[in-house]
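Visitor: I would like to learn how to read a structure feature by feature. Please take the features in turn.

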Amino acid sequence: MQVEQRTAEAAAGVEQVFRAEYGRLIATLVRRFGDIDLAEEAAGEALLIALEKWPVSGVPPNPGGWLTTTAGNRAIDRIRRERQRDTKHRAAAMLYDDTPPEPTGPVTDDRLRLLFTCCHPALAPEARIALTLRLLGGLTVAEIARAFLVPETTMAQRITRAKRKIAAAKVPYRVPEAEDLPARVDGVLTVLYLIFNEGYLASGEGEPIRAELTGEAIRLTRVLHQLLDEPEVTGLLALVLLTEARREARVRDGMLVTLADQDRGGWDRALIAEGHTLVRECLAIGRPGRYQVLAAINAVHTDAPSTAATDWTQVVALYDQLRRIDPSPIVALNRAVALAELDGPSVALAEVEALGDRLDGYHPWHAARADLLRRLGRSAEAADAYLAAIELTDNGAERAYLARRRGELVGAER
Amino acid sequence: MTQYLLSVHGNEEQYAAVSEEEMQRAFADVDRFNQQLQSDGVWVFAGGLQGAETATVVDGRGESPVFTDGPYLETKEHIGGFWIIDVADLDAALVYAAAGSKACQGTVEVRPFQSEPPADA
């Protein structure tokens, strides 16, 4: 019994190390062998060997190095075996391998190349997310499928298809040139932020918050931040940290708690402090972008002891700045919600109504409108708007919150 | 190096509506783009096609071939022309595709050719 338990603990320890090292391991193997499938197979074999050896001999002093060497040897064995079996086929497949590793400029971490490959604009957006989580995050196909509520076979096909396109169309394995870098970094940040948001406001009937996704998005953003000195990367890291800091207070008893009602004593002060430092750091560079401004807005909120004591003038000014960068109706909606605290719900409602034709299918529009109508005492209209929001929301905690709000209105019990 | 097919897809009705002046400009731009491909050393082949109504479909799988008038697919959008280029990777192909699309004022599909069999085959 005790031995079994110790073995299980040792295996869990090995898997933890493996998960932490996975992205780097795959990235190195892909550079060396030019073949993602081969890299994954070799990494898997190295894990099996580690699971066998480490519980007996202990974790080696440099587990990442050990895994890279072991997996590299496995890959070479595999190439030799396949070459004997089918010389010609293998030679064709190895054509991609004939270039020496290219310098990547100031940074040479292979994970950066892999991230740009996984987030390449020639791949479908959902494939970029899946590949990033699989190859850099080390999540299993089953885990990714579960997180995005699709059957495992569907997710496996999506990943296989994307890997086949990378190989056949020769999606390059490198950090883009300086002139293309900002646009391509933006593509990577979009993927990381989508992963984070899917975790923070999960769709579907499952858990309202999926901490494995928010946690993975933060971990990958931290890696990118270490590797790439770009203010928008710092901005995204600050943004996800300041959002994550409020996670515990955001859903209580399966119900969403809005910013105004959250227990601010339950916010993670260490994450907030780190986020604030990062916001100051990136804004000081003087090249603002959407993630930096969003982070700055979250810094204002996490700086305030209460909704009433929040610097709403600053929040609205930041939304004005964001609107110049991103003139989308969603930004305009968020600005209007902040404006309600400054100029009152009536002014805000006029702005919200003006966005109706473009945001009619977007549940936060109905929720914001419902809240403003409620504050203006227009209960019957508010009840209808809550209903519209509930119908468009599939996050259980948010539905529960909206239903409670609607139930509080007199004359809207049903 | 990999060869890519850059094919131009467009609606022939829309092409017919393009003014003579715009047409001439597109011809000149495509000409310049072709020269660029050649001076960059990535040119393999290129050509513009006659309208889809000039197409004939041939099915030679049976005992005697069957000829059918018209394009293979009954759609509004047809391939109007193409380039074949030889470049290092997809990123390079996408840069040329974007320039080609701008020159001809049409949407371009980029597809890699299967790699050549090894020399000892």
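Visitor: Is Ala382(A) buried or exposed?

Guide: Burial is judged by relative accessible area: buried means under 20%, exposed over 50%, and partly exposed in between, with a 1.4 Å probe and protein chains only. In this predicted model, Ala382(A) has a relative accessible area of 0%, so Ala382(A) is buried. This residue sits in helix 20 (residues 379–392) of chain A. Helices are DSSP runs of H or I with at least four residues, strands are runs of E with at least two, and both are numbered from the N terminus.

Visitor: Which residues is Ala382(A) in contact with, leaving aside its neighbours within four places in sequence?

Guide: Contact means heavy atoms within 4.5 Å. With those neighbours set aside, Ala382(A) touches Ala370(A), Leu373(A), Arg374(A) and Leu409(A). A C-alpha distance can be given as well: Ala382(A) and Asp371(A), 11 residues apart in sequence, are 6.9 Å apart in space.

Visitor: What should I know about the numbering and the model before going on?

Guide: Residues are numbered from 1 along each chain as its sequence is written, while chains are lettered from A and ligands numbered from 1 in the order in which they are written. The model is predicted, so local features need pLDDT of at least 70 and side-chain atom pairs count only at pLDDT 80 or more, whereas totals for chains, interfaces and linings use all residues; side-chain values use heavy atoms, with hydrogens and water left out.

Visitor: How many residues of helix 5 of chain A are buried?

Guide: Helix 5 (residues 110–118) is mostly covered, with nine of its nine residues buried.

Visitor: What span does helix 10 of chain A reach from its first C-alpha to its last?

Guide: The expected span of a helix is 1.5 Å times one less than its number of residues. Helix 10 (residues 211–227) has 17 residues and reaches 24 Å, close to the 24 Å expected. Its buried residues include Leu213(A), Glu216(A), Ile218(A), Val223(A) and Leu227(A).

Visitor: How many helices and strands does chain A have?

Guide: Chain A has 21 helices and two strands. Its C-alpha atoms fill a box of roughly 80 × 60 × 35 Å along the principal axes. Of its 414 residues, 50% are buried.

Visitor: Where are the domains of chain A?

Guide: Domain bounds come from an automatic or database domain assignment. For chain A that assignment gives domain 1 (2–94) and domain 2 (311–414). The C-alpha centres of these two domains lie 51 Å apart.

Visitor: In what order do the elements of chain B run?

Guide: Chain B has three helices and six strands. From the N terminus on, the order is β-α-α-β-β-β-β-α-β. The C-alpha trace of chain B spans about 50 × 45 × 20 Å along its principal axes, and buried residues make up 28% of its 121 residues.

Visitor: How far apart are the mean positions of the positive and negative charges of chain B?

Guide: Lys and Arg count as positive and Asp and Glu as negative, while His and the chain ends are not counted. The place of a charge is taken as NZ of Lys, CZ of Arg, CG of Asp or CD of Glu. Chain B has 6 positive and 20 negative charges, and their mean positions are 6 Å apart.

Visitor: Where is Gln36(B) found?

Guide: Gln36(B) is in helix 2 (residues 20–39) of chain B. With a relative accessible area of 39%, Gln36(B) is partly exposed. The C-alpha atoms of Gln36(B) and Tyr96(B) are separated by 9.6 Å, although these residues are 60 apart along the chain.
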